[in-house]
Amino acid sequence: MTDTPLPQTERTTSVDLAASYEDSGVREVLAELDETMIGLAPVKSRIRETAALLLVDKARRAMGLATGTPTLHMSFTGNPGTGKTTVALKMASLLHRLGYVRKGHLVTVTRDDLVGQYIGHTAPKTKEVLKKAMGGVLFIDEAYYLYRPENERDYGQEAIEILLQVMENNRDDLVVILAGYADRMDRFFESNPGFRSRIAHHVEFPDYSDDELLRISDIMLGEQSYIFDDAARAAMADYIAARRTQPHFANARSIRNALDRARLRQANRLFNEAKGPLGAKELSTIRETDLRASRVFRGGLDVERRMRQAAE
């Protein structure tokens with residue numbers, strides 16, 4: 001697709017990219033990304049590159065330079081809990097501010113939202129999702145589940161064909177982001193070359209380091225007006241190191257789950273131990289025992305048992 005050049009009388013002779021950057025509101029989106037998301041340096045770099053591409057593309061149009069609509073369909077690969085959905089939401093806002101999509105909303109779906117269970121069911125389901133996503137970003141999580149070659153009666157291929165057509169014909173009004181594990185996404189693209197040819201940007205989301213996860217835990221607690229005491233923060237660092245080595249580790253998602261359980265233990269501890277009125281500090285502080293009772297720690301079950309016995 002190629003834009004029609006502006007008439008000579010409507011063209012500008014120069015463009016101030018710095019001013020365009022300020023006027024677009026992109027600075028606020030990128031600043032929010034830096035402030036709210038720990039780590040992810042390569043991901044943030046790719047987002048800035050995308051913003052630069054669209055700013056330059058906008059400047060070229062203003063100067064009457066013929067330009068094709070850039071293809072921004074993306075693949076986000078990485079382990080669970082690395083921020084893929086959150087970054088997709090920021091990307092939708094960024095694309096809207098730069099005039100690439102009309103609405104800037106995010107529609108998140110999985111296979112079940114697109115693929116039907118009987119003949120004639122898949123097309124209307126897929127088209128309805130695409131209708132909702134038009135003008136924004138469609139985020140398909142675990143996209144490789146769309147393709148199940150081992151099942152001859154699977155209708156995922158029908159959804160794929162509809163998606164490919166819309167991705168090509170409506171790429172100036174819809175961005176599709178496919179997400180999932182890197183190795184499975186590679187096999188998915190090998191089996192579906194139509195997707196590979198339409199995905200222009202492949203963004204890898206690295207696992208968080210132990211230090212980054214500890215900082216994330218501080219932020220998560222702060223958002224709910226909780227804090228660690230010093231011993232609890234040290235216990236959280238130990239928890240992160242131990243949990244990483246165990247099955248089903250999901251980065252920030254595992255940290256959120258751990259904090260939810262710690263808050264549950266804290267509430268139980270306060271309920272059973274309190275002898276009088278409690279102040280805001282007691283109600284808001286996570287202590288070491290609230291974390292050490294976790295099964296992640298060797299002996300965590302014994303700690304939890306002793307806490308129950310003390311309460312009885």
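Tutor: Buried means under 20% relative accessible area, exposed means over 50%, and partly exposed is in between, with a 1.4 Å probe and protein chains only. F189 is buried, with a relative accessible area of 2%. F188 is buried too, at 3%.

Student: What kind of model is this, and how are residues numbered?

Tutor: This is a predicted model, in which local features need pLDDT of at least 70 and side-chain atom pairs count only at pLDDT 80 or more, while totals for chains, interfaces and linings use all residues. Residues are numbered from 1 along each chain as its sequence is written, and side-chain values use heavy atoms, leaving out hydrogens and water.

Student: How many aromatic pairs are there?

Tutor: A pair of aromatic rings is described by the distance of the centres and the angle of the planes. Rings of Phe, Tyr and Trp (its six-membered ring) pair if their centres lie within 6.5 Å; planes under 30 degrees apart are stacked, over 60 edge-to-face, and the rest tilted. The count here comes to five aromatic pairs. Take F76 and F205: the ring centres are 5.0 Å apart and the planes stand at 50°, so this pair is tilted.

Student: Which parts does the pair of F76 and F205 tie together?

Tutor: Helices (H or I, at least four residues) and strands (E, at least two) are DSSP runs, numbered from the N terminus. F76 belongs to strand β1 (residues 74–78) and F205 to strand β5 (residues 201–205), so the pair links parts that are 129 residues apart in sequence. Both F76 and F205 are buried.

Student: What about the rings of F188 and F189?

Tutor: Their centres are 5.9 Å apart and their planes at 55°, so the pair of F188 and F189 is tilted. F188, F189 and F195 make up one aromatic cluster.

Student: Where does the charged end of R292 sit?

Tutor: A charge sits over a ring if NZ of Lys or CZ of Arg is within 6 Å of the ring centre and within 35 degrees of the ring normal. The charged end of R292 sits over the ring of F297, 4.8 Å from the ring centre.

Student: Now the sheet. What is the order of its five strands?

Tutor: Strands of a sheet pair through backbone hydrogen bonds, either parallel or antiparallel. Two strands pair if DSSP finds at least two bridges between them. This open sheet runs β2-β3-β4-β1-β5, with parallel pairing. β2 (106–109) and β5 are the edge strands, each pairing on one side only. Neighbouring strands are turned by 20° against each other on average, direction ignored.

Student: Which faces of β1 and β2 are covered?

Tutor: In a regular strand the side chains alternate between the two faces of the sheet. β1 is covered on both faces: M74, F76 and G78 on one side, S75 and T77 on the other. Five of the five residues of β1 are buried, so this strand is largely enclosed by the rest of the structure. β2 has V107 and V109 on a covered face, L106 and T108 on an uncovered one.

Student: At what angle does helix α4 run to β1?

Tutor: Axes are lines fitted to C-alpha atoms, for helices over the stretch in contact (heavy atoms within 4.5 Å), and angles run from 0 to 180 degrees between N-to-C directions. Helix α4 (residues 84–97) runs at about 155° to β1. This helix lies across β1, β2, β3 (137–141), β4 (175–180) and β5.

Student: What do the buried residues of α3 pack against?

Tutor: They pack against α1 (17–24), α2 (26–36), β1, α4 and β5. Among the buried residues of α3 are V43, I47, L54 and L55. Just after α3, G64 takes a positive phi of about 80°.

Student: Is S225 buried or exposed?

Tutor: S225 is exposed, with a relative accessible area of 54%. Its place is the loop between α10 (210–223) and β6 (227–228). Phi of S225 is near 60°, a positive value in a residue other than glycine. L40 also has a positive phi, near 60°. L40 lies in the loop between α2 and α3, but L40 is buried, at 4%.
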